[in-house]
Amino acid sequence: MLAILGVLLIHRACTLEVVGKGGTLPQTVYEDAATLYSFVRPDITITYQGVGSGAAKTAIAQGDVVFACSDSGISNAMYAATPDLQMFPTIATAVVPIYNLPQLTAPLILTRSLLPAIFMGRITMWNDPAIASANPGQTMPSQPITVVVRSDSSGTTNVFASALSSFDAGWRSAFGADDLINWNVSNLLRASGNDGVVSYVAMRPYTISYSVMYEAKVVGVSIANVVNVAGQTVAPSTASVAQAVSGTDGRFDARMMVTLIDSPASGAWPIATFTYLIFRKQFGTDCLAKKEAFNFWIWFYTSPAVASMADSYEFVMLSSQTQASVLCTMYSSVTCNSTQQVAMASRPQIMGLGVSVAKSIFSIFGYAFADSGPTRLSTSYALTYHPTTAYVDAIHQVKNETAAFAIIPEMVVKSIAMDEQQILSVPIFNMATVFGYNLASVPALTLSLDTIRGILSGAICNWNDPALAGMNPNVNLPSHGIVVVLPADPADPSTRNLASILFQGDASRPMTPCSASYQSSPERIQSTILVNPFTIGYFEFAQSTSVPLATVAFDDGVRVAPSAGALANCTAYGRDSPTCYRLQFPLVLVAKTDFLSGRSCDVGTRTVTTLSWLLDSSVSLAPIKEYGLVYTPTASTVSSLSLISCDGVSILHPAMQVVKQVLTISSAATRTVIIVCSIGIAIALAIIAFNVRYRSLTYIQMSSPNFNVVIAIGAILGYVAAMVMAFDTSDPLTFASHCNVGHDGRWSATVR
């Protein structure tokens, strides 16, 4: 224990943490970039805290952080008080109007005059003639417009308000542009964060708001097209943002700022913005941390993997001309107490398929593969991942070599017959199912497995049901019906896992709650719960969720709240640990094992090289932990890759021959063994009966009758085992049930 503690302390001492704060608009990109950077610099941990642009600017001015990020500019007053602040543009994206009008069959079109009129309260009905004239052929509903705005100080609000100020002089004089607007609209709702406003709009018809483009697209909320300053109707996209960037390329002021709003370029999105990095040019309390922050941002600007990742999140990188200008300014101006600091091309794919929860993780793996993957592959191939729920088809694609690997629930592999299962499967991580709820008066909710079973089967329909009340004493549960938010796909991994746990292994049992709402993705499930009181739903655990999560009481009375630590404890201390959250299930990586000479063996070599890299804990551990999952590969997992062969020779270890053979037993031999064993069992039973019947006789007592009975019972068990093993195992299902070795579903031997 002391040795382990010492190793941990040494690791902590050798790892430098660099903390920055910033807005939520680019948070996903910056956090994933920080994780990716850990592959480049394992000794440096970059921590980005999304606290909002306003709080971040205050923190950097006060010297509380090494760097800050903001979606809005620094005020003249702050510059006057802290003159060594310097902003640098990093990436650009769109702020978009979002709406919920179920009747529309085409995207809503808003002009530069309509947007400020709606958000100022001048236009209050959706069928207003001005809106109708901008949307010919669409029937606008006769419903009042509900405006949803940010309640917190936000750079996104500043960008949107700046656009409205550019669109309308009346808005500019009445409201202007700021991180926090004093809205003057009668039909108004307020929500915190981008996820809050997007959730409200997604779930409330006849609402309108504004959001970062990526957040809106992930949730699937409707996004309006806008008529730009050139009179063109433009849809938001990375292409239209790139047009806005090109229209203002290089036109930065002394503070390295430029507005992308109302860019004159053709096809430009009119509400685009750069988000900015902020450094103190001279001041620094920790020069080493400032130097490492500086190195991280230089890497961020120049890494092709970051450019690819930013594009996947609907962000646009700087042009080469602007990038050169920014880097030159950074090198020349950023010091610490006067001491100077110092798009990927299309490639063939190594493709994976499987559960959607792994998509974000494999995005990180893909970028890391480009930056630090196996040298002979990363320069020529791209590692990609495509979500699917057609798990059996995914396995077929692996066998047919159209996919290199698949990530699927272990229960799927176990349910496949041997003739469908000529694959290797190894554990890669565990995924947990959690319950989110919306009960304003209940800060903490506990559910037992019985109450979960009752809610999902329709036996418990109201929040104040006695079973729920008994689990939550001293909690005032509402007398309201329970609405369960479920995945629309019955093959969703969480649904199948829960059904298997709750209903004695019946993974296909349908969920039949009293009242249900079906949603297409975990994000939609969480949004539905967030904005609808008295709802509860389940989804895959992730560390970043705005929905309160219920504590689960297991059958042995142990109560555990879901967390990354509670998941990891199951691996560290076993599933019976009082700190283990047990509503989790294993996901396995499956790959083909037998490749043939020629192109097939080339595919096999790429596959085994990629998987060896993926299963290296120094590569996999950080992204898997970041997304709230538990890393499960072991040394034997990696060694099992030796079974992947070309013409029967291990690709990883060419001196090793892989022999795989199913041996069958003839029916005559089977019958003979069964008959002989049956006779043996009959004799053993007769001995037991004789000992019991005549146990009072002297010569029986002298022969240790109890010991004789034990010997006879052991003989019976031995005969039964021989009979079971004698059954014909040439049938794939029978062989799979009797002779499955490890996770690969095959009897395998390696011979040197």
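**Disulfide questions**

Me: Why is cysteine 287 called partly exposed?
Reply: In this predicted model, cysteine 287 has a relative accessible area of 30%. The partly exposed class covers what lies between under 20% (buried) and over 50% (exposed), so a value of 30% puts cysteine 287 in that class.

Me: And what makes cysteine 336 count as buried?
Reply: Cysteine 336 comes in at 1% relative accessibility. Buried means under 20%, so cysteine 336 qualifies.

Me: How do you know that cysteine 287 and cysteine 336 form a disulfide?
Reply: Check the sulfurs: they sit 2.1 Å apart. The cut-off is within 2.5 Å, so the pair passes. Cysteine 287 belongs to helix H12 (residues 287–302) and cysteine 336 to strand E14 (residues 335–336), so the bond ties together parts 49 residues apart in sequence.

Me: What makes cysteine 461 and cysteine 514 a disulfide?
Reply: Their sulfur atoms are 1.8 Å apart, and the rule asks for within 2.5 Å, so that's a disulfide. With a torsion of about -50 degrees about the S-S bond, this one is left-handed. Cysteine 461 is in the loop between helix H19 (449–457) and helix H20 (466–471), while cysteine 514 is in the loop between helix H21 (493–502) and strand E22 (516–519), so the link spans parts 53 residues apart in sequence.

Me: Why is cysteine 514 called partly exposed?
Reply: Cysteine 514 has 41% relative accessibility. Exposed needs over 50% and buried needs under 20%, so cysteine 514 lands in between.

Me: Why is the disulfide of cysteine 570 and cysteine 580 called right-handed?
Reply: The S-S torsion there is about 95 degrees, so right-handed is the call. Cysteine 570 is in helix H23 (residues 564–573) and cysteine 580 in the loop between H23 and strand E26 (584–592), so the tied parts are 10 residues apart in sequence. The S to S distance is 1.9 Å.

Me: What makes cysteine 570 buried?
Reply: Cysteine 570 has a relative accessible area of 9%, and buried means under 20%, so buried it is. Cysteine 580 is buried as well, at 0%.

Me: How many disulfides does the rule give, and how are the bonded cysteines paired in sequence order?
Reply: The count is four. Number the bonded cysteines along the protein chain, and the pairing reads 1-2, 3-4, 5-6, 7-8.

Note on methods. Residues are numbered from 1 along each chain as its sequence is written. This is a predicted model: local features need pLDDT of at least 70, side-chain atom pairs count only at pLDDT 80 or more; totals for chains, interfaces and linings use all residues. Side-chain values use heavy atoms; hydrogens and water are left out. Helices (H or I, at least four residues) and strands (E, at least two) are DSSP runs, numbered from the N terminus. Buried means under 20% relative accessible area, exposed over 50%, partly exposed in between (1.4 Å probe, protein chains only).
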